[in-house]
Amino acid sequence: MYTGLTEVADDLFRVDTPLGERVSSLYVIRGTETSALFDTGVDGAIPDHLRPALDRIGVSREAVRHVVISHCDVDHFGGVADARDAFPNARIAAHAEDRPVIEDYATFERERGRSFLDVWGLDEDPAVLDWCRSATREGPLDRDYVDGERIDLGDKEIVVWHVPGHSRGHLDLEAPWAKALVVSDAVLGSSVNLADGSPAFPPTYRHVVEYLASAERIASYAPDLLLTAHYPTMDARAGIAFLDETREFVDRLEAALDKLFGDATHALTLAEAVHLLNAIVGEWPKEGTEGALAFPVVGHLERWVDQGRLARHDRGTEPAAWSLT
Ligand SMILES: [Zn+2]
């Protein structure tokens, strides 16, 4: 079960914030000189849920000097303006490749929320976009993080890793004293889950080669603790199983796409492909989840386009259709 505040290792705290029927976990790393926050949650999560947790663990607003944003999804950066209000000394930062999307909502909507519209002819559900807008109070960041950067907290250091795949600029945090990796959404198993552990929607990785490389990098570190945004805390064994599940899903979707396009008697639109696949590749509810499945499906199909395996058929005002070459 999830609880609000857990010290998962010495000076490493997990703070679970509500996200509808889901949970978005933020992490606080407490040092003797400064402390760090990993992810802001949605707008309102910091004042409503994080600040009371900080009071309980004795971390002052002034001590939070580092806010690391894992990536450009609103359940991770929607509270940027809250972070600015709450932590007067904080440097708020993300990876350069996600930063423009985090800083400007119009950019988020164009390049993340509705990013399949132009090339793939599939738009996001307006209700999802409305929710994203309502969950976000964006603002400027202070700087970029690069892979391998160390953050000094006084008695300890944490290390920033660049682990792309779910987004181009996804960041993890390493807490070496606990051999812990806080990976947010860098790896997503075979579904993203509700708070009760049941599947909510497909794993929304976007860049297949990078995603698999990041899973490999995380696995080769062999963390004693694997900490995510939307799953229970995992020990070494559970982490290995989750990373296997992550890679197995990629193989399963690739095989299902192979069969779908191999058997197709006409060129398929992205909407058709996602609709047909959503019924067979996972255990999540079928209603309202096709937009999420578009993320990994486009990731796989883009790779086929790069390999010259997939051809585009323009059809005037209709969405483009795709077939094997
Ligand atoms: Zn997330």
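This is a predicted model: local features need pLDDT of at least 70, side-chain atom pairs count only at pLDDT 80 or more; totals for chains, interfaces and linings use all residues.

Reader: What is the site of the zinc ion like, and what are the angles among its 4 donor atoms?
Author: The site is irregular, with angles of 84 to 165 degrees among the 4 donor atoms. Four donors count as tetrahedral if all angles lie between 85 and 135 degrees; four count as square planar and six as octahedral if opposite donors are over 155 degrees apart and all others between 65 and 115; anything else is irregular.
Reader: Which residues coordinate the zinc ion?
Author: Asp 75 (OD), His 76 (NE2), Asp 185 (OD) and His 230 (NE2), at 2.0 to 2.4 Å. Donors are N, O and S atoms within 2.8 Å of the metal (3.2 Å for Na, K and Ca), and water is not among the atoms, so sites may look incomplete.
Reader: How are the donor residues spaced in sequence?
Author: As D-H-x108-D-x44-H. Asp 75 lies in helix 2 (residues 74-77) and His 230 in the loop between strand 14 (225-228) and strand 15 (234-235), so the pair ties together parts 155 residues apart in sequence. Helices (H or I, at least four residues) and strands (E, at least two) are DSSP runs, numbered from the N terminus.
Reader: Now packing. At what angle do helix 10 and helix 11 pack?
Author: About 110 degrees, with the axes of helix 10 (residues 270-278) and helix 11 (residues 290-306) 9 Å apart. That makes helix 10 roughly perpendicular to helix 11. Axes are lines fitted to C-alpha atoms, for helices over the stretch in contact, and angles run from 0 to 180 degrees between N-to-C directions. Under 35 degrees counts as roughly parallel, over 145 as roughly antiparallel, 65 to 115 as roughly perpendicular and the rest as oblique.
Reader: And how do helix 9 and helix 10 cross?
Author: At roughly 120 degrees, the axes of helix 9 (residues 236-263) and helix 10 coming within 11 Å. That makes helix 9 oblique to helix 10.
Reader: Which residues meet there?
Author: Leu 253, Ala 256, Leu 257, Leu 260 and Phe 261 in helix 9 meet Ala 273, Leu 276 and Leu 277 in helix 10. Contact means heavy atoms within 4.5 Å.
Reader: What about helix 5 and helix 7?
Author: Helix 5 (residues 105-113) and helix 7 (residues 126-134) pack at about 145 degrees, axes 11 Å apart. Tyr 105, Phe 108, Glu 109 and Gly 113 of helix 5 make the contact with Leu 129, Cys 132 and Arg 133 of helix 7.

Notes. Residues are numbered from 1 along each chain as its sequence is written. Side-chain values use heavy atoms; hydrogens and water are left out.
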